[in-house]
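Welcome, and please open your viewer.

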Amino acid sequence: MPHPSDRLSRATSATTWAEIDFSALRHNVELLQQQARPASVAAVVKADAYGHGAVAIANAALAAGASRLCVFTVPEAVELRTAGIAAPILCLGPVLADDPEPIAMYDIGAVVDSATTVRRLAEAGQRATRTIRVHINIDSGMQRYGLQPAKAIELAKMAHSAAALELEGVFTHFADAANPQRRPSLDAFRRFQDAADQIGAPLRHAAASAAAFNLPEASLDFVRAGIALYGIDPAPKLSDPAAAQLQPVLSWRTRLLAIRQVANGESVSYGGLWTAERDSRIGVTGVGYADGLARRMSPGGEMLVRGRRAPIRGAICMDTTMIDLTEIPNATVGDVVTILGADRSQSISAWDIARRLDTIPYEILTGVSVRVPRQPINQEG
């Protein structure tokens, strides 16, 4: 694999940047379509497309075959509409008091969860002389925003009869779709289907990324692809052969800004948390916790330099992190350093970092700071 510095362009003036590989995104959309067929794929681009850049990812996912988009907040949907995206958008979060007007104005699908929400949306639709598409979330064990089946059925009747509303869909979200023991999710799916039968909405959707691989019978009309869209296997323990073919979309790089000779017995960074046990060659990189690199990555974290692993040394600073280059004598100032991604035969995955920090890859990707510029690569299909 070529060294990442071979494809540097706009990132050359940045101390740290994230590369967004659109060829990987296209591959993932195609793979998810094969997995979900005959269902379609809805690209989940909430949280700025999991830190990848919502507008660019949304456009690319739609061009690759995704049928619609999902977000969490109305401002996220408005951003897509004002960027010229005309595809169906469903806002999965609750409808707040100021949301009905932009929902009507920008043709955003919304989730209704109460009689008050139905009334507010119906009134906004009438004022805008536009029909608002609504969905109902049925709780199947998540205990978050969904309604119990009896309340969902009652609310569906109200939405059916409301002027300016179209009850377009009914959905659920599984609490543990990544569990190899499928029985609890299958039971939840059966309860959802029973309620959906009574509601009779045209569209049903239940599977997110994990269920798309572990519970394919729940694909229904479309799969809400989030973490898998960005190339992260949602449940590696399942060892699903299809999920193993996902390709990470985001790689995170920095560069060596300086190299220091640290004598045996000298300490590095704040608080003297690491002391050299030999004469050491320490690299100063241009990434820190203000960029989203968790301070808990030291001790124990690593970066890649010239295809070799360089341990993080000392406390991570706001803008810089020190790494041990003693075993990489050919490293020089200006070299590209990989925080997340591949360099030659070595790689550091979002799962690798997540396990070290006792968290999940979602937090790693969305935690890359907005001050880290996103650099598109392979953008043309």
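The tour below goes through a predicted model, stop by stop.

Start by selecting residues 183–199, helix α8. Its 17 residues should span 24 Å at 1.5 Å a residue, and the end C-alpha atoms are 24 Å apart, which agrees. Now show the side chains of its buried residues, among them Leu186, Phe189, Phe192 and Ile199. What covers these buried residues? Bring up α7 (149–161), β7 (165–171) and β8 (203–205), which are included in the cover.

Next come the salt bridges, 16 by count. Select Arg133 and Glu168, whose side chains meet at 3.3 Å, N to O. Arg133 sits in strand β6 (residues 132–137) and Glu168 in strand β7, 35 residues apart. Arg133 is buried, with a relative accessible area of 11%, and Glu168 is buried at 11% too.

Move on to Asp335 and Arg306, a salt bridge of 2.6 Å, N to O. Asp335 is in the loop between β16 and β17 and Arg306 in the loop between β14 and β15, so the pair ties together parts 29 residues apart in sequence. Asp335 is buried at 10% relative accessible area, whereas Arg306 is partly exposed at 29%.

For the last stop, select Arg371 and Asp319, which form a salt bridge of 2.6 Å, N to O. Arg371 lies in the loop between α11 and β19 and Asp319 in the loop between β15 and β16, so this pair ties together parts 52 residues apart in sequence. Arg371 is partly exposed at 44%, and Asp319 is partly exposed at 38%.

Methods
Residues numbered from 1 in each chain as written. Predicted model: local features only at pLDDT ≥ 70, side-chain atom pairs only at ≥ 80, totals over all residues. Heavy atoms only, no water. Helix = DSSP H or I, 4+ residues; strand = E, 2+ residues; numbered from the N terminus. Expected span 1.5 Å × (residues − 1). Buried < 20%, exposed > 50% of the residue type's maximum accessible area, 1.4 Å probe, protein only. Contact = heavy atoms within 4.5 Å. Salt bridge = Lys/Arg side-chain N within 4 Å of Asp/Glu carboxyl O.
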